[in-house]
Amino acid sequence: MKKIISILLSATMLMGLTACSASETQKAKFEAGTYEATQKGYGGDLTLAVTVSETEITKVEILSHSETAGISDTAIETLPAGIVENQTVALDTVAGATFTSTAILEAAKAALLAAGATEEDITKAVETVVSDELIEKSADIVIIGAGGAGLSAAVEILKAEGSVIVIEKMPSVGGNTILAGSAMNTSDPLRQEAITMEASEMQTIEEILAMDFEDSLVLEWQATLQSEIDEYNQNEETYLFDSPSLHKLQTYIGGDMIGNPEIINLYGDNTQGALAFLEELGMSWNDSINAAVGATWRRSHTPAKVFGASGADFVLPQAEYVQNNGGEILLEHTAEELIVEDGKVVGVKGVTAQGQPFEVMANKNVILATGGFGANIEMRQEYNEYWPVLDETIPTTNHVGATGDGVGMAKAVDANFVDMEWIQVLPTYGGGIITAYIDNQIYLNHSAERFINEDARRDELSTAILSQEKGEVFILSDANTVNDKIASIAYAESKVEAGTLFKADTLEELAELAGLDANTLVATVEAYNAGIDSGNDEFGRNLLNEKIDDAPYYIGISYPMVHHTMGGVEVNTEMQVINVNGEVIEGLYAAGEVTGGLHGTNRLGGNAISEVVALGRIAGQNAMK
Ligand code: ADP
């Protein structure tokens, strides 16, 4: 991804730098040659080569790395050139890619020291002078936030032949979406027909059909589901049933029935389209359909990683389309305020990372797609009413930019907010976790005992884990899990090597490695496998498709982290933002995590990606009308 902004150096400063270089060329600093150095980045070793003459750094080249596509791109593209341009390694790290940046700067420093430089020679601070001239731009639609929702909206605007500017405060696109584990939920007749439905899954449907609802839309979904299931039974089908009506009902029930049925309806009708939309942009899907942690049904789709790591596939296809079709993405531009004229939102003002002010005016509308506030501890604490505490002791999965800026901007134009108190804590994320799915995995405590049905909702799982010893969970898998379908063998092996995952050929050996009681572990697994035979799990788990009986076995410790903020601005089914008086705010649309209403108290695992794509597209289409 090209960096669209550039640092403006004043003429005086350029002259100063030139004068300085001229005097320094007198003195030899390096032994001319090419020097290699390696440092640990985020994903593993990063190796670079630095070429120097006696007086200058002439080239910095990254030879190999395992950094995450999309997230690390800016650091990899800009820092080597920056070192050559400024003849120093004392450069700022790229926000959101701190590990990669530090690895590049430290490796370059090590190589330069090996070339005979002194620390002083290569760590001179770069001075920049920033213009205070107002940057002025305009487009049909201005979008704030280049995550999944903002970029999906931008594609639709370009398809409708509008012009679009996307304002993004970070140095790279993607937000939380690019960090996503991998799952995207949608019913999918094509792929689900290849899977057999378990009796316990049919039981789940029957329970939903027997529930009492009040809302007329929800009753319609239930009636549709009933007729779909009648037909399924009449035809004596055996495939894994799914449909938009079941997905809508589970989304509503999973959020304790406080979500807005109209928004859930819009979402459920558009998730299959979201899958096809991404495919048309060049990504593809693995054929296996699984249940993401907290998904409550096997409808989670995994990308085939065409564009990079899993999350990259949900964002980079759109970003590429936007850039190839005349859209503009302004990186390192932080929106601070919505510009309002005669009661209508007409533009956005803010400041670049270098401190230069900007105003981007919208000929038609503005779309707010700034994501959630999971990385803003103050806001978490302010709104949280459910968890005992969400302070710095509970880490987050979110990127550093998930600070809820959209909430402040929307508040200033009197937007109404819904469900702000509901904050999702992801039960398993860090440590020895190897997949975002729960198929063929069980959760154990320090006594090697199960304590919950692993296919429960995320809030129930997190609450249960936090009440175990040390607030952590052992996740047990076997070779059936680590089969390159739901968990990559290479990824699991890298965790074994790093010591965060234990692997053994028998459960007894595994227990010893993990410090668990072997007899209890064996008994726990036997009881779980017996539940699969009888179709009756002792904790009421419904997803009973695979026994844990295939060596080698794996176990790792994980723990809950703040993951998603369910609440946000209220929107109508056009994705227009509603104010505190229940009226539409003219000129303002919103989509993605900054909105509330879809997930209620608890978002189903895998529903966020389909939300940002499905509803981001609708915001884009409607904003262009
Ligand atoms: P969603 O899943 O709803 O699309 P993401 O977290 O993926 O949310 O994307 C939201 C994007 O909005 C992030 O890339 C984030 O950096 C960006 N963003 C947040 N606040 C601002 C702001 N004030 N100005 C510009 N971009 C912002």
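## Salt bridges across the chain

Lys-137 and Glu-328 form a salt bridge, with their closest N and O atoms 2.9 Å apart; the term denotes a side-chain nitrogen of Lys or Arg within 4 Å of a carboxyl oxygen of Asp or Glu. Because Lys-137 belongs to strand E4 (residues 135-144) and Glu-328 to strand E9 (residues 328-330), the pair ties together parts that are 191 residues apart in sequence. Helices (H or I, at least four residues) and strands (E, at least two) are DSSP runs, numbered from the N terminus. The model is predicted: local features need pLDDT of at least 70 and side-chain atom pairs count only at pLDDT 80 or more, whereas totals for chains, interfaces and linings use all residues. Residues are numbered from 1 along each chain as its sequence is written, and side-chain values use heavy atoms, with hydrogens and water left out.

Lys-137 is partly exposed at 28% relative accessibility, and Glu-328 is partly exposed at 26%. Here buried means under 20% relative accessible area, exposed over 50%, and partly exposed in between (1.4 Å probe, protein chains only). The count of salt bridges comes to 21.

## Pairs that join loops

A salt bridge also links the side chains of Asp-256 and Arg-457 (2.9 Å, N to O). Asp-256 lies in the loop between helix H9 (244-254) and helix H10 (261-268), and Arg-457 in the loop between strand E15 (442-444) and helix H15 (458-466), so this pair ties together parts 201 residues apart in sequence. Asp-256 is partly exposed, with 38% relative accessibility, whereas Arg-457 is buried at 12%.

Arg-450 and Asp-537 meet through their side chains in a salt bridge (2.8 Å, N to O). Arg-450 lies in the loop between E15 and H15, and Asp-537 in the loop between helix H18 (518-534) and strand E18 (553-558); the pair therefore ties together parts 87 residues apart in sequence. Both Arg-450 and Asp-537 are buried.

## A network and a negative patch

Asp-188, Arg-191, Glu-279 and Asp-287 are linked in a network of salt bridges.

Glu-193, Asp-230, Glu-231 and Glu-237 gather in a surface patch of negative charge. Such patches are made of residues with over 30% relative accessible area and no salt bridge, like charges being joined within 9 Å. Glu-231 lies in helix H8 (residues 216-234) and is partly exposed at 47% relative accessibility.

## A buried histidine

His-399 lies in the loop between helix H13 (377-383) and helix H14 (405-411). His-399 is buried, with a relative accessible area of 17%. Not counting residues up to four places away in sequence, His-399 touches Met-170, Gly-175, Asn-176, Leu-179 and Ala-375, a contact being heavy atoms within 4.5 Å.

How values were computed:
Patches are made of residues with over 30% relative accessible area and no salt bridge: like charges are joined within 9 Å, nonpolar side chains (Val, Leu, Ile, Met, Phe, Trp, Tyr) within 5 Å. Accessible areas come from the Shrake-Rupley method with a 1.4 Å probe; for residues, only the protein chains shown count as cover. Lys and Arg count as positive and Asp and Glu as negative; His and the chain ends are not counted. The place of a charge is taken as NZ of Lys, CZ of Arg, CG of Asp or CD of Glu.
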